[in-house]
Amino acid sequence: MPSSRLPRRFVSLGLALLIGGCTLGNTPFADQPVSNVATFSSPLSYQVYNILAGEMFAKQGNVAQAALHYVAAAQQATDPAIAQRAVELAMSAKDTPLAGRALERWMTLSPDSTEALQYQALANLRAEKYAEAVKDLVRVRDTAEKKAGHGFAFIVSLLALEPDAKKSYETLKRYVESVDSSPQAQLALASFALKTEQFEVALQASQAAKKQGSAAEKVQGTRLAAKALAGLEKLAEAVQEMEAIAKDSQDAELKLDYARLLILADRRVEALPIYQQLYATFPNSVDILYTLSLLHLEQKSFTAAEPLIAKLLSVPERAVDASYFMGQIHEGLQRPKQALEVYQQALGGQYSREATLRIADLLVETASLARARDWLAAQLKATSENERKVLLLQLDGQILHDQEKYAEAVESFSKALAVTADDPDVLYSRALSAEKLGDFGKAEADLRAVLKLQPNNATVLNALGYMLAVNTQRYAEASELITKALTGRPDDPAIMDSMGWVLFLSGKPQEAETWLRKAYTLLPDPEVASHLIEVLAARGNKTEAQGILDAMLSKFPADSLLLNAKAKLVSL
């Protein structure tokens, strides 16, 4: 009698062909007419085929096709697990309509399934059917509450699983508005609002929780309110909010939040002792060690920072950064040779650019310009990365500029621009060197090229405006550029100084004096002082001009700008 079974290899080939054929055409497999089932020997074989096909596609990473096959299987199946698998795959494929069909089948097969309800809530959330999602969440919450308690915490955890945080936030917001405005719900809303940068909502929700909540909820509400205020850039209020509960607290997490806020509010001196306390409690916390090290370093407490940075060097993920910081310490303690050695270890890390610059500068200071340029040239030869090449050529130009070798500096900057033609930093640097050479046309062209890339760059607007004011008589054009720079940075004393000077050159000494006084108050440096001295003298106020000059010369006795101002004052 002949066998009724095909050889195994033929069965496999036939299945593969059939599966491959299912992916063709525009009609989703799950939408195939029921009559197609008739091509199989039984409904069971149809289900088995679709399950096998679905799993094969899932293993291949094609979840969309896998979901189609599983949904087709679920339509015939009575096992809720098959419908659940169909839902999971459809949601992974982000196929909301298909997930809805699978969910409908799952709910039919298992109407009391809490898991199905959870998936339905998430599906409605993803489809932005927030009212339906809230209803689902209430059912999930009540079911979870009956089974194990903590029903609200359960739905918060469920919402946290959703990758789209904005949709979770929108759902929870509607839940709080329509179902539950208790302190715990307000706190959860505040947390979700913070994640989606809805800081006003976060602040309102946390304040509501503080009014009605328990002692613990009031503390949590205060923490969230402080974070919301920080998000709204109301840092002083944020610190004040947190200070009331954190200053004398023994809660380490609370103190850490407070210390971070102090750093954000530029009150790092106050943050330092808190980090010292935290480090004493948690000496193995790398994050606390890292921040404490930087706080000491920033305040130039090099001897305090050194053992901390040395410890940080032993942490593999922080060792490269720590090498740069140790270089800073060696420099601060006048140990340039050791600084050069450790900066080498920082190359390749996130402070590679800074380390390269420090090495070049230190070689100029401790050896010679030629030695520094040789080192940069060797680095240039060793790299194939354009970004690194531009950096090295730019630094070469920078040290030449600093040594007043402006023509050679322009040459190096031009080589960098040959690698990357539109690098704003290099264009700006070349403009400064060209200006020193008196090549104002080239300098203006480079600065305008930067402004074409960055029209609101206040530094470049100010530089171009000041250059035109000092080197040409295009005062109106200069004033327009500086005015635009002030719009971007209204509190910048360097730009105020430019405005004062262009007004003086334009024959408006009274207005000039106003701007220069403001600039000098914020930035009492020789250049601003020399401008103010000249304007005061021109307006007949030689006594005050002399007083400012004397005060500045006591600090900067050899400054050429002040000496020039002195000569002018004497000649008046």
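This is a predicted model: local features need pLDDT of at least 70, side-chain atom pairs count only at pLDDT 80 or more; totals for chains, interfaces and linings use all residues.

Trainee: How is the packing of two helices described?

Mentor: Two packed helices are described by the angle between their axes and by the distance between those axes. Take helix α17, residues 302–312, and helix α18, residues 319–332: they pack at about 155 degrees, and their axes lie 9 Å apart. Angles over 145 degrees count as roughly antiparallel, so α17 is roughly antiparallel to α18.

Trainee: What is the handedness of the crossing of α17 and α18, and which residues meet there?

Mentor: The crossing in which α17 passes α18 is left-handed. From α17, Phe-302, Ala-305, Glu-306, Ile-309, Ala-310 and Leu-312 take part. They meet residues of α18 including Ala-319, Phe-325, Met-326, Ile-329 and His-330. Sorted by class, the contact of α17 with α18 holds 10 nonpolar, three polar and one charged residues.

Trainee: At what angle do α27 and α28 pack?

Mentor: Helix α27 (residues 475–488) packs with α28 at about 160 degrees, with the axes 10 Å apart. That angle makes α27 roughly antiparallel to α28. The two helices cross in a left-handed way. Among the contact residues are Tyr-475, Ile-482 and Leu-486 of α27, along with Ile-495, Met-499 and Val-502 of α28. In this contact 10 residues are nonpolar, three are polar and none is charged.

Trainee: How far apart are the axes of α31 and α32?

Mentor: The axes of helix α31 (residues 542–555) and helix α32 (residues 560–571) are 11 Å apart, and the angle is about 150 degrees. This makes α31 roughly antiparallel to α32. Here too the crossing is left-handed. On the α31 side the contact is made by Lys-542, Ala-545, Gln-546, Leu-549, Met-552 and Leu-553, and on the α32 side by Leu-562, Leu-563, Lys-566 and Leu-569. The classes in the contact of α31 with α32 are seven nonpolar, one polar and two charged.

Trainee: Now the empty space. How is it found?

Mentor: Rolling a probe the size of a water molecule over the atoms shows where empty space is left. In this model the largest pocket holds about 680 Å³ of space. It is lined by 25 residues, and those closest to its centre are Leu-432, Glu-435, Lys-436, Tyr-466 and Glu-527.

Trainee: Which elements give two or more residues to the lining of the largest pocket?

Mentor: They are α24 (424–436), α25 (440–453), α26 (458–471), α28 (493–505) and α30 (526–538). The largest share, seven residues, is from α26. By class, the lining of this pocket divides into 13 nonpolar, five polar and seven charged residues.

Trainee: How many cavities of 30 Å³ or more are there?

Mentor: The count is one cavity of 30 Å³ or more. About 40 Å³ of space lies in the largest cavity. Its lining is made of Met-91, Lys-94, Asp-95, Thr-96, Ala-99, Ala-123 and Arg-126. Helices α5 (96–109) and α6 (114–126) are the elements that give two or more residues to this lining.

Trainee: How do the residues of the cavity lining divide by class?

Mentor: Three residues of the lining of the largest cavity are nonpolar, one is polar and three are charged.

Terms used. Residues are numbered from 1 along each chain as its sequence is written. Side-chain values use heavy atoms; hydrogens and water are left out. Axes are lines fitted to C-alpha atoms, for helices over the stretch in contact, and angles run from 0 to 180 degrees between N-to-C directions. Helices (H or I, at least four residues) and strands (E, at least two) are DSSP runs, numbered from the N terminus. Angles under 35 degrees count as roughly parallel, over 145 as roughly antiparallel, 65 to 115 as roughly perpendicular and the rest as oblique. A crossing is left-handed if the near helix is turned anticlockwise from the far one by less than a right angle, and right-handed if clockwise. Contact means heavy atoms within 4.5 Å. Ala, Val, Leu, Ile, Met, Phe, Trp, Tyr, Cys and Pro count as nonpolar, Asp, Glu, Lys and Arg as charged, and the others, Gly among them, as polar. On a 1 Å grid over the protein atoms alone, a cavity is a set of points where a 1.4 Å probe fits but cannot get out, and a pocket is an open set with protein on both sides within 12 Å along at least five of seven lines; lining residues have an atom within 4 Å of a point. Grid points are joined across faces, edges and corners, and a volume is the space filled by probe spheres set on the points.
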